Amino acid sequence: VEELHVSNVTSSSLKLWWSNSEPKLFVYFEVVLTRLHDHALVVKTNVSGTEIAVDNLESSQTYHAVVTAHTAEGQTVSTRKGVIRTSKFNQYTLKYSLLYCLRTFWFISLLYMFVHYLYTVYLSKNDKTV
């Protein structure tokens, strides 16, 4: 049985990975990801490796993934399928991320003002007018 694995699922991204069951054949993998409730195509791409990271997904949505292995000539070797649900968007994480950014911005602004002050003092002490 060909397995499709999923990891690193967040509210907006996920990682799909699988094994190459036919390592002696040169294969490429067609990856198709659709949103389940309206069958909207999210990703359709070919990859040569055995994993793909997908971003820009919607939170709390169910997605259907199909990974089809093809030979260089285009013949289908195997198919793996899976259903994945993204996690719920966490507004508290966003809130604390924004607070962290504001604190960081405040600190950088304060540091800039301090360095600017020291530079101004340095220039005023070393100012040699003729």
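Helices (H or I, at least four residues) and strands (E, at least two) are taken as DSSP runs and numbered from the N terminus. The structure is a predicted model, in which local features need pLDDT of at least 70 and side-chain atom pairs count only at pLDDT 80 or more, while totals for chains, interfaces and linings use all residues. Residues are numbered from 1 along each chain as its sequence is written, and side-chain values use heavy atoms, with hydrogens and water left out.

An open sheet is formed by 4 strands in the order β4-β3-β6-β7, with antiparallel pairing; two strands pair if DSSP finds at least two bridges between them. The edges are taken by β4 (41–47) and β7 (76–85), each of which has a single partner strand, so one side of each is left without a neighbour in the sheet. On average, neighbouring strands of this sheet are turned by 10° against each other, direction ignored (axes are lines fitted to C-alpha atoms, for helices over the stretch in contact, and angles run from 0 to 180 degrees between N-to-C directions). Between strand β3 (residues 27–35) and β4, the antiparallel pairing extends over 6 bridges. Val31 has Thr45 of β4 opposite.

Two residues of strand β6 were examined. Thr71 belongs to β6 (residues 62–71) and counts as buried at 6% relative accessibility, where buried means under 20% relative accessible area, exposed over 50%, and partly exposed in between (1.4 Å probe, protein chains only). Apart from residues up to four places away in sequence, Thr71 touches Leu25, Phe26, Val27, Tyr28 and Val77; contact means heavy atoms within 4.5 Å. Val66, also found in strand β6, is buried with a relative accessible area of 17%. When neighbours within four places in sequence are left aside, the contacts of Val66 are Glu30, Val31, Val32, Thr79, Arg80 and Lys81. The C-alpha atoms of Val66 and Leu4 lie 8.5 Å apart, although the two residues are separated by 62 residues in sequence.

A search of the whole structure returned 1 aromatic pair. This pair consists of Trp18 and Phe29 in an edge-to-face arrangement, with 5.4 Å from centre to centre and 65° between the planes. Rings of Phe, Tyr and Trp (its six-membered ring) pair if their centres lie within 6.5 Å; planes under 30 degrees apart count as stacked, over 60 as edge-to-face and the rest as tilted. Trp18 lies in strand β2 (residues 14–18) and Phe29 in strand β3, so the pair ties together parts that are 11 residues apart in sequence. Both Trp18 and Phe29 are buried.
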